[in-house]
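Hi,

Here is the structure I promised to pass on. Have a look at it first, and then read on for what turned up.

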Amino acid sequence: MKNYVLLLVCMLSAIAASAQYCSIQKGQKLYYEVLTGKKKTETYTSVVNVEKVNDSTFITLGDFVPKMNEKMKDTLFYQKVAYANNNTLIYLQDGESMKDNICGMMAEALNKKDMTSAKAKFDTNGKICLLLNEKRQKGEKIESGEMTIRIKPVTMTVSMKGQYEGTETISTPAGVFDCVKVTYSMKVKFFMFSDESQVTEWYAKGVGLVKHEESSRKLGQKMTKTLTKIEN
């Protein structure tokens, strides 16, 4: 937690604006419709925990992940968000959370001995963050980030670069929202393979993610995720 607080203070101390771009109501669920090609599914993000430390607020979100096979269970993938000095810091990718999430999923399918062996071969490092506030201007660059995932002997690198696109009003089944709009590319590379996804996202005050559009350069797959309802 100490490293988390120090990082937050360093990134946010020089900027001032107003309103957090994330829900801070513990237990609230945000439901989304996900359209991948012609396949339509529903998922949700829940506000799992809200912790205040001095003038900072740390939020843990849980993204619903359905089971991949009969040996596993439906679970939540956890994501960090922080709010301080009137700025919202969203951890798009976070090594610590990623390791906990993947180990949590493996624990459902592996016995204790195999789990210990898998953990010894698995490591993550780095983070990719998105800083949101009202003063971000259209065309302003997003601070780049990188994360590595190592499953011996393979190392995968995920990197991001992008820019702020100003504000835009978005109409969804959950309502009409005034949003901050961002675009960024997320590049994945390991061995001889690499792919790059182009992402556009809209975030609303007091809510968080309202809409997400993503397309893969190599795979040609397009995905849209849209907020459909908010449940307290």
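The largest nonpolar core has 39 residues. Inside this core, the residues with the most contacts are Leu 92, Leu 130, Leu 132, Val 182, Tyr 203 and Val 210. Strand S9, which covers residues 175-190, gives the most to the core, with six residues. Bear in mind that this is a predicted model.

If you leave aside its neighbours within four places in sequence, Val 182 is in contact with Leu 130, Leu 132, Ile 142 and Val 199, among others. Its list of contacts also includes Gln 163, Tyr 164 and Glu 165, as well as Thr 200, Glu 201 and Tyr 203.

Next, the strands. Which strands pair with S12? One is S1 (residues 29-36), which runs antiparallel to S12 (residues 222-231) over eight bridges. In that pairing, Lys 29 sits opposite Glu 231. Another is S11 (residues 208-216), also antiparallel to S12, over five bridges. There, Lys 211 has Thr 226 of S12 as its bridge partner.

As for the whole chain, you'll find three helices and twelve strands. Of its 232 residues, 42% are buried. If you count contacts with a separation of 6 or more, 53% of them come from residues 24 or more positions apart. The chain exposes about 13000 Å², and carbon and sulfur atoms supply 51% of that area.

Over to you!

Methods:
Residues are numbered from 1 along each chain as its sequence is written. This is a predicted model: local features need pLDDT of at least 70, side-chain atom pairs count only at pLDDT 80 or more; totals for chains, interfaces and linings use all residues. Side-chain values use heavy atoms; hydrogens and water are left out. Two strands pair if DSSP finds at least two bridges between them. Helices (H or I, at least four residues) and strands (E, at least two) are DSSP runs, numbered from the N terminus. Buried means under 20% relative accessible area, exposed over 50%, partly exposed in between (1.4 Å probe, protein chains only). Contact means heavy atoms within 4.5 Å. Accessible areas come from the Shrake-Rupley method with a 1.4 Å probe; for residues, only the protein chains shown count as cover. A nonpolar core is a set of buried Ala, Val, Leu, Ile, Met, Phe, Trp, Tyr and Cys residues joined through side-chain atoms within 4.5 Å.
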